[in-house]
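Trainee: I would like a close look at a single part of this model. Please take me through it step by step.

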There are 2 protein chains.
Amino acid sequence: MKGYLWVVGTGPGDPEHLTLRARRVLEEAEAVVGYETYLRFLRPLLEGKEVRAGRMREEMRRAGEALELARGGKKVALVSGGDAGVYGMAGPLLELRGEGADDVEVEVVPGVTALSAAAALLGAPLMHDFAAVSLSDLLTPWEEIAERLEATARADFVIGLYNPASRRRSWQLPRAASIIGRYRSPHTPVGVVRNACRPGQEVKIIPLKDLAALSLDMNSMAIVGNSRTYVCGGRMVTPRGYGSQPGFPVR
Amino acid sequence: MKGYLWVVGTGPGDPEHLTLRARRVLEEAEAVVGYETYLRFLRPLLEGKEVRAGRMREEMRRAGEALELARGGKKVALVSGGDAGVYGMAGPLLELRGEGADDVEVEVVPGVTALSAAAALLGAPLMHDFAAVSLSDLLTPWEEIAERLEATARADFVIGLYNPASRRRSWQLPRAASIIGRYRSPHTPVGVVRNACRPGQEVKIIPLKDLAALSLDMNSMAIVGNSRTYVCGGRMVTPRGYGSQPGFPVR
């Protein structure tokens, strides 16, 4: 008997932003494995299921547990925050399954990313080319992160900053703000969202020069506008191209 | 009376990938405005509603129509493909509404992006920093697109290529492949997805050296791996950091 494993994102938080497919998969699953914080959002959907809640920094252990349950014949959902395919559990799971592991069928179910959720709350900052950069240097040397920030700032990308800070990482955000500030006006709009689509949601738009002093955490995301991003009717908007002017055809 | 307007993405295609919130909004809307191709996916949800289907390249006209309906007192959904906040209708709508347009309340409903959908079908290519670059030079000069490709290729981003080609744009994809090829091995895995989550879906993983010769269209997306992306059990996987090794804790 072949095991079945779905890797599924919970979206930004509120189960309203789950896709129908994600919901169906969670209903069909016999066992659900995930980081405890994300499972909390799903509680009403988990009744009667085998639930394995894990802690931060144990991604590989959770992936292993999910694989083991699936190999034992259970239908398993491995849960990730946001989209499981963006800095999520899909990678660790597929790496651990490895080559030729034909005994477990894996389906990655796409979801709403933290970046999309933050962008929607801010307005429309992602109308043109954008980059996602994680400021976490636990797995990636800071030099590489700095190089990526510099490259995307210089080439005028809208930049989504994942994992901007945590209790033990506080110098990365001011450093990132300073790198980006070399290429962008201090008045560039930056959208900051905390607890997107969750209790305690905060949304604000600040100038780039105020980003360094901000106190953020792992539930936050910052989106730095490109050179043309502006604030319009209280929302952050990036025009779609040079031809874009309010009231005129954009294409 | 204040008008109400939702900007909502249909996700990649199959309404299974709509969020619950998006579905609810479409149910509640009295009028639905959108590009005809995307409305087709939603047909079962549109019965009994005023539907205004528009053609390509008329984004501003559609945004204007939606605003007008909302100002007339209707609850309106303005529909976009994928996530309305990523190269979608959220921007044109907010730009057209302009400053001080307090007569229409706008809510952007986040959705599953074309990039997330393609990534899920391919495996887990977006486990590390990534950039989205549109190859359409209708609104953006090619020099700027080329510069962005070069910057992200050099800084080892995973690169999602939106709008890789169309009937009238065929030289951009080979040009992009050649720019990226200056910084990446010809064997770098590239995931190519056509008609994600729709009839006629095609998914393949090819080496970068074969990208230039590919015949793609506006329903396609290509994801170019970074220097560490590999194929594992038939899926495209980008490790999450230097420490990542199958079977070992990644954080």
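This is a predicted model: local features need pLDDT of at least 70, side-chain atom pairs count only at pLDDT 80 or more; totals for chains, interfaces and linings use all residues.

How many residues of chain A are in contact with residues of chain B?

Mentor: Now to the count. 72 residues of chain A are in contact with 72 residues of chain B. Sort the chain A side by class. It has 37 nonpolar, 20 polar and 15 charged residues. The largest share of that side comes from helix 4 of chain A, residues 90–97, which gives 7 residues.

Next, the relation between the copies. A rotation of 180 degrees superposes chain A on chain B, with 0.0 Å of shift along the axis. The RMSD of that superposition is 0.0 Å. The two copies are thus related as by a two-fold rotation axis. Both copies use the same surface, since 100% of the contact residues of chain A recur in chain B.

Stay with helix 4 of chain A. A residue counts as buried if 20 or more other C-beta atoms lie within 10 Å of its own. By that test, 8 of the 8 residues of helix 4 of chain A are buried, so this helix is largely enclosed by the rest of the structure. The buried residues include Ala90(A), Gly91(A) and Pro92(A). Leu93(A), Leu94(A) and Leu96(A) are also among them. So are two charged residues, Glu95(A) and Arg97(A). Just after the helix comes Gly98(A), with a positive phi of about 70 degrees.

Now widen the view to the largest nonpolar core. This core has 162 residues. Val7(A), Leu78(A) and Ala118(A) are among those that touch the most other members, and so are Val7(B), Leu78(B) and Ala118(B).

Strand 7 of chain A, residues 130–134, is joined to strand 7 of chain B, residues 130–134, by 3 bridges. These two strands run antiparallel. Take one pair as an example: Phe130(A) has Ala132(B) as its bridge partner. Strand 7 of chain A is mostly covered, with 5 of its 5 residues buried. Phe130(A), Ala132(A) and Ser134(A) point one way from the strand. Ala131(A) and Val133(A) point the other way. Both sets are buried.

Strand 7 of chain A also has a partner in its own chain. It pairs with strand 8 of chain A in the parallel sense, over 5 bridges. Within that pairing, Val133(A) has Leu161(A) as its bridge partner.

Follow strand 8 of chain A onwards. Asn163(A) lies in the loop between strand 8 (158–162) and helix 7 (172–181) of chain A. Asn163(A) is buried, with 21 other C-beta atoms within 10 Å. Its phi is positive, about 45 degrees, although it is not a glycine.

Now go to a residue that touches both chains: Gly85(B). Gly85(B) sits in the loop between strand 4 (75–80) and helix 4 (90–97) of chain B. Gly85(B) is buried, with 30 other C-beta atoms within 10 Å. In chain A, Gly85(B) touches Ser116(A), Ala119(A), Ala120(A), Ala124(A) and Leu126(A). In chain B, the residues include Ala90(B), Val108(B) and Pro110(B).

One of those, Ala124(A), opens the last stop. Ala124(A) stands opposite Val237(A) in strand 13 of chain A. Strand 6 of chain A is joined to strand 13, residues 235–237, by 2 bridges, and the two run parallel. They belong to an open sheet of 3 strands with mixed pairing, in the order 6-13-12. The edge strands are strand 6 (123–124) and strand 12 (230–232), each pairing on one side only.

Notes:
Residues are numbered from 1 along each chain as its sequence is written. Chains are lettered from A and ligands numbered from 1 in the order in which they are written. A nonpolar core is a set of buried Ala, Val, Leu, Ile, Met, Phe, Trp, Tyr and Cys residues joined through C-beta atoms within 7 Å. A residue is buried if 20 or more other C-beta atoms lie within 10 Å of its own, exposed if 12 or fewer, and partly exposed in between; C-beta atoms are placed from the backbone. Copies are superposed by least squares on the C-alpha atoms of residues with pLDDT of at least 70 in both. Two residues are in contact if their C-beta atoms, placed from the backbone, lie within 7 Å. Two strands pair if DSSP finds at least two bridges between them. Helices (H or I, at least four residues) and strands (E, at least two) are DSSP runs, numbered from the N terminus. Lists of a residue's contacts leave out its neighbours within four places in sequence.
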